[in-house]
Amino acid sequence: MKHLIEPLDFTTEEYEEIFRLVDNIIANPDDYSHVCDNKLLASLFFEPSTRTRLSFETAMLRLGGRVIGFSDAGVSSSSKGETLLDTIRVIENYADICAMRHPKEGAALMASKVVKTMPIINAGDGGHFHPTQTLADLITIRHYKKSFDNLTIGLCGDLKFGRTIHSLVRALNRYENVKFIFISPEELKMPDPFKNFIDEENYIETRDLLSVIDDLDVLYMSRVQKERFVSSDEYERLKDYYILNEEKLKNAKKDMIILHPLPRVNEIAPEVDEDPRAVYFEQTKFGMYGRMALIMKLLEATK
């Protein structure tokens, strides 16, 4: 039994299998509409979510499966003091596979240690990892760039708490000649543990988006996450540090793509939505297809 807790749980070859399956699902969706008949997904979201939760649930329904779970920890027995591991042990008696979001780093890994038959998918654990968002990101980049090799990736905004960014960098670092440009204020810099595995010549850090935007093949924007801040004053000071607009895109490559895990707040102006380089809404669709393929892989379901 396999789990997806962090991006490196899958090899690049296993990702390629998922990418090919995604291509087939997109081309022939009806062929996959019953591959998970009589299977149940437990959707356990101890932290708010719109896209990720609905994407997982839609993915399972499109495969013919069903969904149980909750979208608010306040309506679960954790509000009565039940431990996470007890909850997981109970849910394993009901469901075939579980997608779990939790505010504590390492929660999904802990859950994976106690189950015997139910694959665990990490749908985000605090500021740690978000591997299925990484799957959506990789599918989107592959669609528009055809390859991951020889790309320059700019990651802009909240790099300290951005679990989607931590996950994506970890996954992309395995490909050939990928360069990273980390763009953030000093207070939100990429943490050392998420830089230490990258060769020093393969990344630079800067505060200035405009000074590097013309070098980028991919620009990954992220919001400053209010829920991760202890100080509201610190959040207010940093929340609008970067706002991407059409003026700032003037010197960017015509084939650069703009990604964002969503939700956005102010960091991308609405005018950018009409720019052909803006692909963040397509990214959400690719995320659904990626989760369909992932569920099939972990359940070993075939058409």
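Analyst: We can start with L138, which lies in helix α5, where helices are DSSP runs of H or I with at least four residues and strands are runs of E with at least two, numbered from the N terminus. This is a predicted model, in which local features need pLDDT of at least 70 and side-chain atom pairs count only at pLDDT 80 or more, while totals for chains, interfaces and linings use all residues. Residues are numbered from 1 along each chain as its sequence is written, and side-chain values use heavy atoms, with hydrogens and water left out.

User: Why is L138 counted as buried?

Analyst: Buried means under 20% relative accessible area, exposed over 50% and partly exposed in between, with a 1.4 Å probe and protein chains only; L138 has 0% relative accessibility and therefore counts as buried.

User: Which residues does L138 touch, leaving out those up to four places away in sequence?

Analyst: L138 touches Y15, F19, F148, L168, A171 and L172, contact meaning heavy atoms within 4.5 Å.

User: What makes α1 roughly perpendicular to α5?

Analyst: The axes of α1 (residues 12-27) and α5 (residues 131-145) come within 11 Å and cross at roughly 70°, the axes being lines fitted to C-alpha atoms, for helices over the stretch in contact, with angles from 0 to 180 degrees between N-to-C directions. Angles under 35 degrees count as roughly parallel, over 145 as roughly antiparallel, 65 to 115 as roughly perpendicular and the rest as oblique, so the α1 and α5 pair is called roughly perpendicular.

User: Which residues of α1 and α5 meet?

Analyst: Y15, E16, I18, F19, V22 and D23 in α1 meet L135, L138, I139 and R142 in α5. By class, this contact has 7 nonpolar, no polar and 3 charged residues, where Ala, Val, Leu, Ile, Met, Phe, Trp, Tyr, Cys and Pro count as nonpolar, Asp, Glu, Lys and Arg as charged, and the others, Gly among them, as polar.

User: Why does E267 count as buried?

Analyst: E267 lies in the loop between β9 (257-259) and α8 (280-299), and E267 counts as buried because its relative accessibility is 3%.

User: How do you know that the side chain of E267 makes a polar contact with that of H260?

Analyst: A polar contact is a pair of N or O atoms within 3.5 Å; within protein, one must be able to donate a hydrogen and the other to accept it, and residues adjacent in sequence count only if both atoms are side-chain atoms. The side chains of E267 and H260 make such a contact at 2.6 Å.
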